[in-house]
Amino acid sequence: MRQDSLTRLQSGDGFDLLVIGGGATGCGIALDAASRGLSVALVERGDFAEGTSSRSTKLVHGGVRYLEAAVRRLDRAQYKLVREALHERGALLKNAPHLTRRLPLVTPVRSWWQLPYIAFGLKLYDWLSGRMSLGPSRIMGRAEALRLFPHLRGEALKAAVLYYDGQFIDSRLAATLAMTARRAGAVLANHVEVLALRHDAQGRLAGAELGDTLSGVRFAVTARVVINATGPYADAIRRMDDATAPPLLKVSSGSHLMLNVPLTPPATGFLVPRTDDGRVLFVLPWQGGTLVGTTDTPAQVEAHPAPSEQDIAYLLSYVRRYFDMPVSRDNVTAAWCGIRPLVFDPKAGTTAQLARDHVIQVSASGLVSISGGKWTTYRRMSEEAVDRALAVGGLGAGPCRTHALRLLGGESFDPEGHRALMPALPEDAARHLNESYGDQCALLAPLLRQGATARLHPDHPYVEAEVLHAVRHEMAVTVADVLLRRLTLALVDRAAARAAAPRVAALMAAELGWSDATRATRLEEALERLDRGI
């Protein structure tokens, strides 16, 4: 599958658009452009969503903190961001129903004067959602909150407020976007890096020199417009185009933990409304564990950042502050850290105060760079980037078609579709497949019938058929591609992912025809990533 893409990239045929970056925005751009009839190539130095796009808080949300900032500071940019994000939240839940869900969240009220303030703010959040509302917020009494969260500390609790947002599986959504774009005609290749940008005699950007990071093969691709959608690496690509380009971004890191203790109900999350340093924290049910995040710390751009022990201790301290269950470092089954590409604003005192808005900048040579933003608004960002590219390149295309475009797996998704898989699988594994692949379970069913039903780890629902599917239909070519992104196992339980790695390597070796040396190399790479932190 990946080889087909490499062959097309090396054919010498030019493209309307070359997209650099295979995260949420890049894959969204490829889908938007291809669905309008443009010829599109996308290259990603690592794997799809290897960077920030697989290291989020897993929420599809407008951002209650941003709404508070909009009200407190009369900040129109924050207000616009929340309103737009709430609209996009609704669109995403409709377009990818198998990978998303409506999630009630409860925030505690510890003093009576806070109650009207928080309740009003969340009613405003409801109102801004308009017809995309997921449900009305409401005040919850102290007794009801403690029944719902039996481990919640009740000493200072007066009441609570319940509201709704969305939750999703970020790495799988990115892969789904990529494969939906491929179905629409885009040519995508992971593990292909940009070595240099190419300019014509007039100084206009005309393509790029590329390198396959797995084989070492180098080749060139021409394109009428190049879009830089590389997240925190956007400034590095801009400097390839113009060495004097001033920076657009100020990056921060956000750390998250997975815990093996059930602090929340299976379908309700918890919001810590304000930390001592002015942030919000989430405690969420996700993939069978408890997700806690996030921090917001100034950072440097690096490929695979790991959460610091200081960040881990910080997050655990808030868990213990709000819940009476004894939670320690031993309960952390996985942790990850993402680098946020925030648009620089010299008026912001900290990275936490920077708006999660996006900007599109066009260089003198025609490089279109899109920076900032967040997962929830990826579709809108992609639409705007393609519109700008059309203007820059003088390209003709129809209007955006992605607002109501169901993604692969979501077109005929049946929430009860797991029942069709249960003759071959136990219920937990069948539900997992249905909620990860949607109607694409039709491609996994033959693999299950052929016997690929064994679990990759006894404590988790992932099965061998998923590895084969990832290779055949989702362009997974390394063990890390599978364990860290096509599956969520490494994000849920790092030790279990490590234990499953040899079997994943064996399945991939048989499928891809690896030599013993290649198999050993790919296995060692994955184990090294798991040991260093996801």
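**Figure 1. The aromatic cluster of Phe149, Phe270, Tyr322 and Phe323.** These four residues form one aromatic cluster in this predicted model. Rings of Phe, Tyr and Trp (its six-membered ring) pair if their centres lie within 6.5 Å, and planes under 30 degrees apart count as stacked, over 60 as edge-to-face and the rest as tilted. A search of the whole structure finds eight aromatic pairs. In one of them, the ring centres of Phe149 and Phe270 are 5.5 Å apart and the planes stand at 65 degrees, so the pair is edge-to-face. Phe149 lies in the loop between helix 6 (142-148) and strand 6, whereas Phe270 belongs to strand 12 (residues 269-272), so the pair ties together parts that are 121 residues apart in sequence. Helices (H or I, at least four residues) and strands (E, at least two) are DSSP runs, numbered from the N terminus. Phe149 counts as buried because its relative accessibility is 0%, and Phe270 is buried with a relative accessible area of 0%. Buried means under 20% relative accessible area, exposed over 50% and partly exposed in between (1.4 Å probe, protein chains only). Residues are numbered from 1 along each chain as its sequence is written. Because the model is predicted, local features need pLDDT of at least 70 and side-chain atom pairs count only at pLDDT 80 or more, while totals for chains, interfaces and linings use all residues; side-chain values use heavy atoms, with hydrogens and water left out.

**Figure 2. The tilted pair of Tyr314 and Tyr318.** The centres of these two rings are 5.2 Å apart, with 55 degrees between the planes. Both residues lie in helix 9 (residues 309-322), four residues apart, which is about one turn of the helix. Tyr314 and Tyr318 are both buried.

**Figure 3. The largest nonpolar core and the surroundings of Leu259.** A nonpolar core is a set of buried Ala, Val, Leu, Ile, Met, Phe, Trp, Tyr and Cys residues joined through side-chain atoms within 4.5 Å. The largest core has 149 residues, of which Leu259, Leu263, Phe323, Leu433 and Val479 touch the most other members. Helix 16 (residues 494-512) contributes the largest share of this core, nine residues. Apart from this core lies another, of 21 residues, among them Val187, Val194, Leu205 and Ala223. Beyond its neighbours within four places in sequence, Leu259 is in contact with residues including Gly289, Val292, Leu316, Val327 and Asn331; contact means heavy atoms within 4.5 Å.

Figure 4. On a 1 Å grid over the protein atoms alone, a cavity is a set of points where a 1.4 Å probe fits but cannot get out, and lining residues have an atom within 4 Å of a point. Grid points are joined across faces, edges and corners, and a volume is the space filled by probe spheres set on the points. Of the 13 residues that line it, Asn95, Tyr378, Arg379, Thr402 and Leu407 lie nearest its centre. Two or more lining residues come from each of helix 2 (24-35), helix 4 (76-95) and helix 10 (378-393), and helix 4 gives the most, with four.

**Figure 5. The second largest cavity.** About 50 Å³ of space lies in this cavity. Its lining consists of Arg89, Tyr125, Asp126, Ser129, Ser133, Leu134, Gly135, Tyr163 and Tyr164. Helix 5 (114-129) and strand 6 (159-168) each give two or more residues to this lining, with helix 5 giving the most, three.

How values were computed
1 Å grid on protein atoms, 1.4 Å probe; cavity = no way out; pocket = protein on both sides within 12 Å on 5 of 7 lines; lining within 4 Å.
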